[in-house]
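Work through the following exercises with the sequence and the coordinates open beside you.

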Amino acid sequence: MAEELYDFGMVGLGVMGSNLLLNMADHGYGVAGFDLSVDKTKAFEASAKSGQRLKGVNSLKDLINCLKAPRKIMMLVPAGKAVDSVISQIKPLLSKGDILIDGGNSHYTDTQARIEALKDSGIHFMGIGISGGEEGARFGPSIMPGGDKEAYNEVSEILKSIAAKVKGEPCVGYMGKGAAGHYVKMVHNGIEYAIMQLISEAYDILKHGLGLSNKELGSIFKKWDTGEMKSFLIEITGKIFDVKDGDSDKELVDFISDKAGAKGTGKWTSQSGLDLPMPIPSIDTAVMMRNLSSLKDERHEADKLYLTQLNQINTDRRDLENFVREALYFGMVISYAQGLAMLTKASEELQMDIPLEEVVKSWRGGCIIRSGFLDVFADFYKEDPQLRNLLLEEDIATSLKQKLPALQKVISLVAENNYTAPGLMSAFCYFNAYRRKSLPTNLVQAQRDFFGAHTYQRIDREGTFHTIWEPAKA
Ligand code: 3PG
C-alpha cells in the first residue's frame, strides 16, 4: 500500500522549524522535515508523540515526494544566501500550484524579488513573518502571511490551527499582497525595538534616580503588567529582575554588558520609514541607541572627560514611579502609532493592500509586542480601516492628553539630572510636532529657496514661488 502523504514540509529543522512542525503535529497534521544535519533530522523524528505523523527525510527530493499536492513547504533557514540556495535546489522538484514559504526574517525586497522570479513557474512564493520565539513556535506564535491570496487560502487552516489564540481568534490573518508578510513582521520588530528602548529608559530613571533595588524594580514592572500597560515585554522585564547570576547571589541583569545587539530588522524599518517617507522617530531612536551602546570604548573615554553625574532625583518615590509609568504608557502608544501609520502608508505606496485591523488582531497574542493596547486598537481600525494615525482617534487623544503632564515632568527631571531618555523625548517631540497645525518649517522652505531656488508654496494663494532673496553680487 502506498505510504500516506504528509500535509506540510519544512526545510531547516533548527528550533523554530522543528517546533513549528511539532505544533502542527499536535493539531493532527502529518509533517515532514529536512535538514542538512542528520542528527537534527533524527532528533526531530524522535520527538513524535504516540499517534503523531512526523517524518524526517534526508533529501529535498524525499521531502517533495512525501507531500500532498499542492505541496506546502516552509523554509526556516538563515535569511539571505541560504534562502536563495534552497530555492534554486527545490524549484526543479516542485510543480505548478505548489507553495513555497519563507518563514524567516528576510528583507521584504528580497521576498518581492523571489516572488517575481518564481511567478512564471506557477509556484507560489509566500513570505510569512513569525513572531514569538521558540516557545511561540511550539505552542502558538503570531503569524503574518503575505503573498497570493490563493496560496494563503491553501495554508490558512494549518496556520490558524497552530497560531496563538486570543478570545478564541487565531493570531494570524492575511497581511496583504507580495512581500506584505515580511514587511509587517519587519515593522512589528521596529515597534519591538522602540518599546524595549522605552522600558530601558524607565528602568534607568527608577534604578538610578530613585536608587531602587532589582527586587523593587521587579515588583514595579510586575505591578505595571497587571494594569493598562499589560504586555509581554513588561511581563518579561518584571521576571528578568528575579533571575540570579549562577555564580553569586546577585541578579544576572547587573552583570550583562550594555552593548545591545541587533539582527537588523529595526534598521530595515528605519530605512523603509525614510524611503516611504513616514516619520517613525521612536523606532529610529531605538536603533540609534543600540548603535550608540556599542561604542563602549568611546563612552568610557567620554565618561572620564565629562565626569557626568547621574543625580538622585528628589521627587517623592510614589510620584516619580507614577510619572514614569504614565510616560512609558505614552511612549508605547506613540511607538505603536508610528509603526501602524507606516504600515498604512506602505500599504498604498508599495501596493501591498495591508489590512490594518488584521495586522493589529494578529499581534494581540503570540508575538513579542503583544499587549492589551492592541485589543483596543483593533476596534479603531475596525471602525475606520483608513485611519491614518492612531493619534487622530479621539479616545487615544483623551488618554495622551491626560498622560502628557507626567511625560513632561519625567522629561524635565531627565534633563535636569543628566539621564538619557531619547525614546521618551522623541515620543514627546513627535507628538508635539504632529499635533501642531503650523510648524517652523516655513523657514526651512525660505532657506531652500534662498540657496537653491527650490521654490515654495504660500499660505495665502495658490502656486509655486521663487524669490530673489538678495541682490545679485556685483
Ligand atoms: C528576533 O528576530 O529575534 C527579534 O524579534 C529581533 O531581534 P534583534 O533584537 O536581535 O534584532
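**Exercise 1. Characterise the salt bridge between Lys239 and Glu235.**

Step 1: Lys239 and Glu235 form a salt bridge in which the closest N and O atoms are 3.0 Å apart, where a salt bridge is a side-chain nitrogen of Lys or Arg within 4 Å of a carboxyl oxygen of Asp or Glu.
Step 2: Both residues lie in helix α10, 4 residues apart, about one turn of the helix; helices (H or I, at least four residues) and strands (E, at least two) are DSSP runs, numbered from the N terminus.
Step 3: Lys239 is partly exposed because its relative accessible area is 47%, and Glu235, at 27%, is also partly exposed. The classes are buried for under 20% relative accessible area, exposed for over 50%, and partly exposed in between, with a 1.4 Å probe and protein chains only.

This is a predicted model, in which local features need pLDDT of at least 70 and side-chain atom pairs count only at pLDDT 80 or more, whereas totals for chains, interfaces and linings use all residues. Residues are numbered from 1 along each chain as its sequence is written, and side-chain values use heavy atoms, with hydrogens and water left out.

**Exercise 2. Determine which parts of the chain are joined by the salt bridges of Arg114 and Lys207.**

Step 1: Arg114 pairs with Asp102 in a salt bridge whose closest N and O atoms are 3.8 Å apart. Since Arg114 belongs to helix α5 (residues 108–119) and Asp102 to strand β5 (residues 99–102), the pair ties together parts that are 12 residues apart in sequence.
Step 2: Arg114 counts as buried because its relative accessibility is 6%, and Asp102 counts as buried at 0%.
Step 3: The side chains of Lys207 and Asp254 meet in a salt bridge of 3.2 Å, N to O. This pair links distant parts of the chain, with Lys207 in helix α8 (residues 180–209) and Asp254 in the loop between α10 (232–240) and α11, 47 residues apart.
Step 4: Lys207 is buried at 19% relative accessibility, while Asp254 is partly exposed at 42%.
Step 5: The structure holds 31 salt bridges, and a network of them links Lys167, Glu169, Glu357, Lys361, Arg364 and Asp375.

**Exercise 3. Locate the backbone features at Pro70, Pro277, Leu307 and Thr455.**

Step 1: The peptide bond from Ala69 to Pro70 is cis, with omega near -10°, and Pro70 is found in the loop between α3 (60–65) and β4 (72–75).
Step 2: The peptide bond from Leu276 to Pro277 is cis, with omega near -10°; Pro277 sits in the loop between α11 (265–275) and α12 (281–293).
Step 3: Leu307, although not a glycine, has a positive phi of about 45°, and this residue lies in the loop between α13 (296–306) and α14 (317–349). Leu307 counts as exposed because its relative accessibility is 62%.
Step 4: Thr455 has a positive phi near 70°, is placed in the segment after α19 (441–452), and counts as partly exposed at 26% relative accessibility.
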